[in-house]
Amino acid sequence: MRGILIAVAVIILLLIVATMTGFINLTGRGGDMPEVKVEGGALPTVDADVGDVDVGTKNETIQVPTIDVDTAKTDAGEDKDK
């Protein structure tokens, strides 16, 4: 790991020295943005046939099932025998 860090540091130093001495030239030319012209045109027309939804409420009686739960009492002796 230490060797990799030293190698990266040496490479960075070499790039800095090469740029400072002019060996690597990092200058560029300025450019112009392209000109874009938009003329005329219209939005597309869309005809959509959609369904009609009526939302409302009504009272309804619903039969709900009943549940009977019987709890069984177990003796402490029964659990030890199993």
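Which residues form a nonpolar patch on the surface? In this predicted model, the patch consists of Ile4, Val8, Ile12, Leu13, Ile16 and Met20, which together contribute about 630 Å² of accessible area. One of these residues, Ile16, lies in helix H1, which covers residues 2–21. The relative accessible area of Ile16 is 45%; Ile16 is therefore classed as partly exposed, since that class lies between the limits of under 20% for buried and over 50% for exposed residues.

The geometry of H1 was examined next. Just after H1, Gly22 adopts a positive phi of about 90 degrees.

For the protein as a whole, the secondary structure comprises two helices and zero strands. Of the 82 residues, 1% are buried. The accessible surface amounts to about 9500 Å², and carbon and sulfur atoms account for 58% of that surface.

Key. Residues numbered from 1 in each chain as written. Predicted model: local features only at pLDDT ≥ 70, side-chain atom pairs only at ≥ 80, totals over all residues. Heavy atoms only, no water. Patch = residues over 30% accessible without salt bridge, like charges linked within 9 Å, V, L, I, M, F, W, Y side chains within 5 Å. Areas by Shrake-Rupley, 256 points an atom, 1.4 Å probe, with all protein chains shown as cover. Salt bridge = Lys/Arg side-chain N within 4 Å of Asp/Glu carboxyl O. Helix = DSSP H or I, 4+ residues; strand = E, 2+ residues; numbered from the N terminus. Buried < 20%, exposed > 50% of the residue type's maximum accessible area, 1.4 Å probe, protein only.
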